[in-house]
Amino acid sequence: MSGNVLVPFVTSGNMPTNLGAGTNEPRIIVADFRDCILMGEGNAAPAQLRFDEPLSASLGIRLVSYGYSAFAPGPQPKAISVISGTGLIVPAL
């Protein structure tokens, strides 16, 4: 294949940038999501339960809301990789 290939990416402030011996080394996570499986309840609303009895002495109710989801790297566990090392350190000019 020739030419440029566009790769979608996401930036996140939750990724650490203070790792390594000099506390200036970031991490990069690379994933090929075509090889990953995400399962969930689709557009279904979370299940909701209401319990009146446990808090009846104080005229309270207990509400519970839950849903299910699962993620698996699929048949290719190496579809997700972490890039690290001193090559990611920004050079001081």
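This is a short walk through the structure, one selection at a time.

Before you start, note that the model is predicted, with local features needing pLDDT of at least 70 and side-chain atom pairs counting only at pLDDT 80 or more, while totals for chains, interfaces and linings use all residues. Residues are numbered from 1 along each chain as its sequence is written, and side-chain values use heavy atoms, with hydrogens and water left out.

**Stop 1: the largest pocket**

Select Phe9, Val10, Ile29, Val30 and Ala31. Of the 15 residues lining the largest pocket, these are the closest to its centre. The pocket has a volume of about 640 Å³. A pocket here is an open set of points on a 1 Å grid over the protein atoms alone, where a 1.4 Å probe fits, with protein on both sides within 12 Å along at least five of seven lines; lining residues have an atom within 4 Å of a point. The volume is the space filled by probe spheres set on the points, which are joined across faces, edges and corners.

Which strand gives the most to this lining? It is β1, with four residues. Strands are DSSP runs of E with at least two residues, numbered from the N terminus. By class, the lining has eleven nonpolar, two polar and two charged residues. Nonpolar covers Ala, Val, Leu, Ile, Met, Phe, Trp, Tyr, Cys and Pro; charged covers Asp, Glu, Lys and Arg; the others, Gly among them, are polar.

**Stop 2: Glu25**

Now select Glu25, in the segment before β1 (28–31). Is Glu25 buried or exposed? Its relative accessible area is 9%, so Glu25 is buried (buried means under 20%, exposed over 50% and partly exposed in between, with a 1.4 Å probe and protein chains only). Show the residues around it: leaving out those up to four places away in sequence, Glu25 touches Pro16, Thr17, Asn18, Leu19, Gly20, Ser84, Gly85, Thr86 and Ile89. Touching, or contact, means heavy atoms within 4.5 Å. A polar atom of the Glu25 side chain lies 3.0 Å from the backbone nitrogen of Gly85.

**Stop 3: Ser12**

Ser12 also sits in the segment before β1, and is partly exposed at 40% relative accessibility. Look for a polar atom of its side chain 3.1 Å from the backbone nitrogen of Asn14.

**Stop 4: Asp35**

Move on to the loop between β1 and β2 (37–40), where you will find Asp35. Asp35 is partly exposed, at 27% relative accessibility. Its contacts, setting aside neighbours within four places in sequence, are Pro73, Gly74, Pro75, Gln76 and Ala79.

**Stop 5: Ala47 and the tyrosines**

Select Ala47 in strand β3 (residues 47–51). Beyond residues up to four places away in sequence, Ala47 touches Val64, Ser65 and Tyr66. The C-alpha atoms of Ala47 and Tyr66 are separated by 5.4 Å, although the two are 19 residues apart along the chain.

A search of the whole structure finds one aromatic pair. The ring centres of Tyr66 and Tyr68 are 5.7 Å apart and the planes stand at 75 degrees, so this pair is edge-to-face (rings of Phe, Tyr and Trp, using its six-membered ring, pair if their centres lie within 6.5 Å; planes under 30 degrees apart are stacked, over 60 edge-to-face and the rest tilted). Tyr66 is partly exposed at 34% relative accessibility, whereas Tyr68 is exposed at 60%.

**Last stop: Leu59**

Finish in the loop between β3 and β4 (62–66), at Leu59. Leu59 has a positive phi of about 60 degrees although it is not a glycine, and is exposed at 81% relative accessibility.

Terms used
Polar contact = N/O pair within 3.5 Å; in protein donor to acceptor, adjacent residues only side chain to side chain.
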